Amino acid sequence: MTWFDGAFQINQIYEKEVPAMFVPNVFSFATEGKLFRYGSIRMPIEMWGPWRDNDNQDEGRLEHVKATVKSMLRPEVVLDIAQNFTLFATDKKHRRIKIICRYQQHETTNQILARVVKGYPKKGLIWHFQGSGKSLLMVFAAQKLRLHPQLRNPTVIIVVDRIDLDTQITATFNAADVPNMVGCATRQELQTLLAQDVRKVLITTIHKFAEAEGRLNERSNIIVMVDEAHRTQEGDLGRKMREALPNAFLFGLTGTPINRADRNTFWAFGADEDEQGYMSRYSFQDSIRDKATLPLHFEAPEVKLKIDKAAIDEAYQQITGNLSEQDRDDLAKRAAKMAVLVKNPERIRAVVQHMVTHFQQKMEPNGLKAQVVVFDRECRVLYKAAMDELIDPEAGAIVMTAAQGDPPEWKRHVRDKDAEEKLLDRFRDPADPLQFVIVTSKLLTGFDAPILQVMYLDKPMKDHNLLQAICRTNRTFGQTKTHGLIVDYIGIFDDVARALDFDEKAVQRVVSNIDELRKALPLQVQKCLAFFSGVDRTIGGYEGLVAAQQCLPNNEKRDKFAAEYNVLGTIWEALSPDPVLSPYEQDYRWLTLVYESVKPPSGNGKLLWHALGAKTVELINRNVHVDAARDDVETLVMDTQVLEEILKDAEPGKRAREIEIKLVARLLKHKDNPMFIALGERLEKVKERHEQGFLTSLEFLKAILEIAKEVVEAEKETDPAEERDRAKEALTELFSEAKNQNTHIIVERIVADIDEIVKKVRFPDRQQTSQGERLVQKELRKTLLKYELHTDQDLFDRSYAYIRQYY
């Protein structure tokens with residue numbers, strides 16, 4: 001059992017069955033004495049996070065858990081989280097969701113508050129890695145500052161780095177229903193509100209300070225938080241901000257490190273008292289350790305697709321930190337030589353063919369999506385045309401704004417703000433056929449789509465712009481997404497040190513060559529095989545599995561094997577399909593069958609024992625006949641003569657393990673049924689008692705046969721029609737809940753439709769084949785589309801979970 005099992009009980013059982021208990025709940029936590037994780041009501045378990053402070057960064061032992069409990073579960077901290085770090089936001093599906101802080105947001109907000117209350121230093125630079133929650137940090141800080149009595153009703157100014165206010169931060173503030181918030185879209189609005197001494201949360205853009213003249217307000221209880229603070233380097237904006245608000249507190253936030261050469265940024269925000277100039281740091285290593293973001297890999301396709309180095313050098317000369325977004329968009333005009341090379345029709349066809357094939361083989365099986373980043377505006381149209389020849393035109397879309405002189409045929413790709421937002425919502429929707437968005441500079445900062453896994457990069461970029469762009473792929477998204485991937489068609493990462501030229505050299509480790517996974521593969525296979533020294537892997541069926549299981553004599557050993565196998569599974573899923581895997585295919589299949597055979601039949605231990613990846617399932621099913629062995633449990637326990645023969649077996653321990661393997665497979669087919677979960681737990685206890693020496697081999701065999709008999713009887717009692725009735729009841733309850741937001745729903749009709757489609761498409765063992773699972777998912781999506789419910793991913797996930805459980 002791990003913290004995950006406790007969290008699962010809270011998240012999937014108690015919250016659903018006793019919802020009243022969670023009305024006053026601030027947060028829930030779970031621990032098994034090694035790791036501590038916490039989350040708010042309905043928060044997916046994958047998003048539950050650790051709690052750390054300056055004195056307690058380590059974890060893994062009981063003493064670390066005790067230190068965490070002392071730090072987080074103090075009354076003043078719990079009350080602080082309840083009052084200042086809890087949001088009830090509205091998501092895009094108009095559902096109310098509860099959001100609470102991660103530890104770094106809590107710590108940094110309180111650091112900001114302490115400085116403002118103390119009155120000195122009047123600034124601070126905050127570097128929190130891309131994707132780790134800077135937007136929410138600003139919401140929490142703004143709310144706590146506004147409510148603090150000592151600050152006498154302060155003004156909080158949020159400064160974003162875009163030309164307009166249409167940013168992720170603005171969207172976060174709006175979704176969180178922050179009171180007294182005003183957007184200042186013009187210089188005049190900003191000047192007027194500050195001149196009138198307005199005490200609210202003002203959101204404006206960095207460029208409004210460039211346009212401002214003289215002092216806007218001399219009050220000291222004005223707190224300014226600037227997003228992407230490195231942009232203040234441009235046009236000396238940091239100094240202009242200080243001149244406009246001479247006594248204000250200035251806090252700069254950045255997702256990328258600041259170089260010492262950016263003197264203006266350090267002058268504006270870096271306090272002398274802070275080590276290395278940062279008030280708060282949350283690095284990419286911290287972010288990945290806490291599973292707040294995912295690791296990034298890059299891969300470079302064939303050399304023939306890359307561009308001549310001299311042309312890249314010429315283009316690079318145009319890319320400096322001082323260029324505005326518009327300047328970057330005009331890059332093609334100044335790097336004409338490179339533009340000619342990039343737009344060569346033959347190269348475009350080859351690049352797009354590679355993208356489509358790569359996506360279909362590596363991303364599509366897991367239901368993830370792609371962003372294509374191209375050289376300039378014309379390239380977007382050229383790449384889209386090439387893509388339309390290979391796949392359904394509905395699968396790709398260009399995101400662009402209109403410009404003077406655009407050819408008339410480009411107009412069909414231009415959308416207004418609302419239409420663009422709808423398109424991006426479609427992209428975020430796993431059920432929608434839109435799989436690729438094609439961009440040049442839009443969506444490279446501030447765009448949040450966790451379903452995005454791969455960026456096909458065919459545009460020269462570097463430093464801040466490159467780091468911000470590639471981190472679009474690092475958001476977490478369920479168990480199927482293990483990393484973000486950049487496919488580099490330009491050759492940017494041929495020299496990572498040059499592409500990510502920061503004083504903070506550790507940033508160069510943010511992205512690693514996927515070749516490193518290829519190199520790690522043989523070693524990881526050997527680590528897994530080392531558990532089975534002396535086992536003949538050519539022996540198939542139950543005999544082979546029994547021999548393997550003898551090498552995993554207790555839970556500790558099995559869990560160690562599961563941990564190593566999971567690392568191997570992650571590497572396999574990331575690389576597949578790849579010729580490098582071929583020599584290891586047989587060993588990987590064998591290890592997978594062993595892993596499946598020793599899974600806890602109760603379903604406990606979900607952190608280590610979880611569903612196989614889509615590509616692994618495909619590999620197993622491809623050769624399923626090779627290892628198929630007859631499941632004769634029914635005959636064994638129901639035929640008295642056979643039963644007597646078994647109990648006389650010369651090797652009762654070996655025979656017991658064979659039956660146990662068959663039982664585990666049967667129990668896992670009913671993994672969500674409480675009756676079979678209880679039988680699985682009994683089987684685990686019997687096995688543990690045998691491993692500890694409390695049961696002889698013969699006693700173990702008798703106990704196994706007794707459980708096997710109960711399993712067979714339980715299966716007979718489980719009436720398929722009754723199961724379907726339970727499914728219909730569960731689905732009816734689910735869609736009745738949804739009816740509150742969708743009054744057009746006719747619940748009975750939807751449930752009948754779903755029941756009908758599952759009956760049509762199901763076949764024996766469909767849950768053991770990815771083809772069967774995909775077929776059911778496809779039909780379910782069609783049904784939800786029919787009732788205009790296809791955009792509700794939560795509804796799809798819960799419907800599909802019921803189908804898996806009951807059908």
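Reader: How many helices and strands does the secondary structure of the chain come to?

Author: Helices (H or I, at least four residues) and strands (E, at least two) are DSSP runs, numbered from the N terminus. By that reading, the chain has 35 helices and 18 strands. This is a predicted model, in which local features need pLDDT of at least 70 and side-chain atom pairs count only at pLDDT 80 or more, while totals for chains, interfaces and linings use all residues. Residues are numbered from 1 along each chain as its sequence is written, and side-chain values use heavy atoms, with hydrogens and water left out.

Reader: What share of the residues of the chain count as buried?

Author: Buried means under 20% relative accessible area, exposed means over 50%, and partly exposed lies in between (1.4 Å probe, protein chains only). Of the 807 residues of the chain, 53% count as buried. Accessible areas come from the Shrake-Rupley method with a 1.4 Å probe, and for residues only the protein chains shown count as cover. The chain exposes about 36200 Å², and carbon and sulfur atoms supply 51% of that area.

Reader: Among contacts between residues at least 6 apart in sequence, what percentage join residues at least 24 apart?

Author: A contact means heavy atoms within 4.5 Å. Among the contacts in the chain between residues at least 6 apart in sequence, 75% join residues at least 24 apart.

Reader: Which strands pair with strand 10?

Author: Two strands pair if DSSP finds at least two bridges between them. Strand 5 (residues 123-128) pairs with strand 10 in the parallel sense over 5 bridges, and the bridge partner of I126 is L253 in strand 10. Strand 9 (residues 222-226) also pairs with strand 10 in the parallel sense, over 4 bridges, and here V224 stands opposite L250.

Reader: Why is strand 10 largely enclosed by the rest of the structure?

Author: Strand 10 (residues 249-254) is described in that way because 6 of its 6 residues are buried. Both of its faces are covered, with F249, F251 and L253 buried on one side and L250, G252 and T254 buried on the other.

Reader: How many residues of strand 13 are buried, and which strands pair with strand 13?

Author: Strand 13 (residues 369-373) is mostly covered, with 5 of its 5 residues buried. K369, Q371 and V373 point one way from the strand and A370 and V372 the other way, and all are buried. Strand 13 pairs with strand 16 in the parallel sense over 5 bridges, where A370 has V454 as its bridge partner. Strand 13 and strand 15 likewise pair in the parallel sense, over 4 bridges, and V372 has I438 in strand 15 as its bridge partner.

Reader: How far does helix 31 reach from its first C-alpha to its last?

Author: The expected span of a helix is 1.5 Å times one less than its number of residues. Helix 31 (residues 697-717) has 21 residues and reaches 30 Å, close to the 30 Å expected at 1.5 Å a residue. Its buried residues include F700, L701, I704, L705 and I707.

Reader: How many salt bridges does the count come to?

Author: Side chains of opposite charge can pair when their charged atoms come close. A salt bridge is a side-chain nitrogen of Lys or Arg within 4 Å of a carboxyl oxygen of Asp or Glu, and by this rule the count comes to 31. One of them joins E420 and K442, at 2.8 Å from N to O. E420 lies in helix 18 (residues 417-428) and K442 in the loop between strand 15 (436-439) and strand 16 (452-457), so the pair ties together parts that are 22 residues apart in sequence. E420 counts as buried, at 13% relative accessibility.

Reader: Where do K560 and E556, another such pair, lie?

Author: The closest N and O atoms of K560 and E556 are 3.6 Å apart in their salt bridge. Being 4 residues apart in helix 23 (residues 555-575), K560 and E556 are separated by about one helical turn. K560 is partly exposed, with a relative accessible area of 47%, whereas E556 is exposed, at 55%.
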